[in-house]
Amino acid sequence: AITAGAQGVSQGTACTRSKSTEHSENRRGAGWLAGRDHETFRWGVDYDRETHERYSNLLADMEARLQGECEDLRRQILQMQELHRQEVLTWHEKEEKRREEAAEELRLRMGEERRKAVEDAGRAEAEVEKKQRLGRMKMRLVELWQMLESDSGDRARFLQERETARNDAFTDTVFELY
């Protein structure tokens, strides 16, 4: 029984020891884990800081490059808009000049047509007047011829009129006709 009791005590001590050893090992393991957690946390913070520094510079460079490209694009767009505006103004100026030239050409053509119409009307009027004058002269010649046949004094007067009319080129034409 003693041996059994001694075994029980030694088993109890062994149990106690193993519990306290376990506890101490657990405490040591927990400290070790806590230290490991702290080291892991510090490593994560350091990694994040290094990554942040490395990538923040990269991101700043990329952002600066993109801003430069955006500025270049804005500049190109403004230049294209300015060129387009100038082309539109040039087109409008050319179109206005073309319209003015067409209007001037039309005015000249209409003026020329009016001048021709006036000339044609003048010619037609002169032609009508010429025909009327020829008709009057013909009537006068017939009248004078009848007088010549009837009276010698009239014949002398006729010859005088003929001499004075000779200076008129139009009457030469009339006399040539008769």
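1. Is R74 buried, partly exposed or exposed? R74 is partly exposed, because its relative accessibility is 46%, where buried means under 20% relative accessible area, exposed means over 50%, and partly exposed is in between, with a 1.4 Å probe and protein chains only.

2. Before going further, please note that this is a predicted model, in which local features need pLDDT of at least 70 and side-chain atom pairs count only at pLDDT 80 or more, while totals for chains, interfaces and linings use all residues. Residues are numbered from 1 along each chain as its sequence is written, and side-chain values use heavy atoms, with hydrogens and water left out.

3. Side chains of opposite charge can pair when their charged atoms come close. A search of the whole structure finds 14 salt bridges, a salt bridge being a side-chain nitrogen of Lys or Arg within 4 Å of a carboxyl oxygen of Asp or Glu. One of them joins R74 to E71, with 2.2 Å between the closest N and O atoms. Both residues lie in helix α1, which covers residues 2-150, and they are three residues apart, about one turn of the helix; helices are DSSP runs (H or I, at least four residues), numbered from the N terminus. E71 is also partly exposed, because its relative accessibility is 38%.

4. A salt bridge also links R85 with E82, whose closest N and O atoms are 2.4 Å apart. Because R85 and E82 are three residues apart in helix α1, about one helical turn separates them. R85 counts as partly exposed at 41% relative accessibility, and E82 counts as partly exposed at 31%.

5. Further along the numbering, R123 and D120 meet through their side chains in a salt bridge, at 2.8 Å from N to O. These two residues both lie in helix α1, three residues apart, which is about one turn of the helix. R123 is exposed, because its relative accessible area is 52%, whereas D120, with a relative accessible area of 44%, is partly exposed. Salt bridges that share partners join R123 and D120 with E112, R115 and E119 into one network.

6. Finally, please look at L141, which lies in helix α1. L141 is buried, because its relative accessible area is 17%. In sequence L141 and F158 are 17 residues apart, and in space they are 9.2 Å apart from C-alpha to C-alpha.
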